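This report was prepared for a reader who wishes to examine side-chain interactions alongside the coordinates. Please consult the sequence and structure shown here while reading.

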Amino acid sequence: QVQLVESGGGLVQAGGSLKLSCAASRIIFSINRMGWYRQAPGNERELVAVIISGGGTNYADSVKGRFTISRARDNAENTVYLQMNSLKPEDTAVYYCYAELVGLRIYEYWGQGTQVTVSS
């Protein structure tokens with residue numbers, strides 16, 4: 001069973017920075033996409049940023065220019081990072097790591113979520 005372990009959330013003042021990490025282990029299929037979604041209270045889960053197997057990236061318009069997604073591979077683990085700069089109160093949400101694997105079919109996995117709170 002694939003495991004996604006997140007870290008790096010917390011409380012920060014507006015204008016500050018945080019870096020989220022997500023380590024994926026027990027990967028037996030190819031990772032097609034890996035990235036971050038977020039969900040604020042009362043809102044639907046939304047895409048923040050994803051990185052595709054070929055290295056391409058996709059960002060929500062609301063975070064372009066402020067957030068940067070990157071990926072590292074180390075032996076059996078694949079780790080995705082989200083560097084968040086110039087944080088705004090509206091960035092407050094639970095951030096979920098996401099991985100899409102391709103085998104005989106598409107497999108989707110989610111992390112447990114990490115809280116990011118930006119105070120004004």
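This is a predicted model: local features need pLDDT of at least 70, side-chain atom pairs count only at pLDDT 80 or more; totals for chains, interfaces and linings use all residues.

Residues are numbered from 1 along each chain as its sequence is written, and side-chain values use heavy atoms, with hydrogens and water left out.

## Salt bridges

Side chains of opposite charge can pair when their charged atoms come close. A salt bridge is counted here when a side-chain nitrogen of Lys or Arg is within 4 Å of a carboxyl oxygen of Asp or Glu. By this criterion the structure contains 5 salt bridges.

| Arginine 33 | Glutamate 100 | 3.6 Å |

The salt bridge between arginine 33 and glutamate 100 ties together parts that are 67 residues apart in sequence, because arginine 33 lies in strand β4 (residues 30-39) and glutamate 100 in strand β9 (residues 93-102). Strands (E, at least two residues) and helices (H or I, at least four) are DSSP runs, numbered from the N terminus. For accessibility, buried means under 20% relative accessible area, exposed over 50%, and partly exposed in between, with a 1.4 Å probe and protein chains only. Arginine 33 is partly exposed at 22%, while glutamate 100 is buried at 9%.

Lysine 64 and aspartate 61 are both exposed. Arginine 66 and aspartate 91 are both buried. These two residues belong to a network of salt bridges that links Arg38, Glu46, Arg66 and Asp91.

## Arginine 38

Arginine 38, a member of this network, is located in strand β4 and is buried, with a relative accessible area of 5%. Its side chain makes polar contacts, defined as pairs of N or O atoms within 3.5 Å; within protein, one must be able to donate a hydrogen and the other to accept it, and residues adjacent in sequence count only if both atoms are side-chain atoms. Another, of 3.0 Å, joins the side chains of arginine 38 and aspartate 91. Leaving aside residues up to four places away in sequence, arginine 38 touches several residues, among them Glu44, Val48, Phe67, Ala93 and Tyr95.

## Aromatic pairs and charges over rings

A pair of aromatic rings is described by the distance of the centres and the angle of the planes. Rings of Phe, Tyr and Trp (its six-membered ring) pair if their centres lie within 6.5 Å; planes under 30 degrees apart count as stacked, over 60 as edge-to-face and the rest as tilted. The whole structure has 3 aromatic pairs.

Tyrosine 37 and tyrosine 98 form an edge-to-face pair, with 5.4 Å between centres and 65° between planes. Tyrosine 37 lies in strand β4 and tyrosine 98 in strand β9, so this pair connects parts 61 residues apart in sequence. Tyrosine 37 is buried at 16% relative accessible area, as is tyrosine 98 at 1%.

Tyrosine 37 also forms an edge-to-face pair with tryptophan 110, at 5.1 Å centre to centre and 70° between the planes. Here strand β4 is linked to strand β10 (residues 106-110), the two residues being 73 residues apart. Tryptophan 110 is partly exposed at 37%. Tyr37, Tyr98 and Trp110 make up one aromatic cluster.

A charge sits over a ring if NZ of Lys or CZ of Arg is within 6 Å of the ring centre and within 35 degrees of the ring normal. Arginine 45 lies over the face of tryptophan 110, at 4.6 Å from the ring centre, and lysine 19 lies over that of tyrosine 81, at 4.8 Å.

In strand β11 (residues 114-119), Thr114, Val116 and Val118 form a covered face, and Gln115, Thr117 and Ser119 an uncovered one. Two strands pair if DSSP finds at least two bridges between them. Strand β2 (residues 10-13) pairs with β11 in the parallel sense over 4 bridges, and leucine 11 stands opposite threonine 117. Strands β9 and β11 run antiparallel, joined by 3 bridges; tyrosine 95 has threonine 114 in β11 as its bridge partner.

Alanine 14 lies in the loop between β2 and β3 (18-25) and is partly exposed at 41%. Apart from residues up to four places away in sequence, alanine 14 touches Leu87, Pro89, Val118, Ser119 and Ser120.

Technical notes:
Contact means heavy atoms within 4.5 Å.
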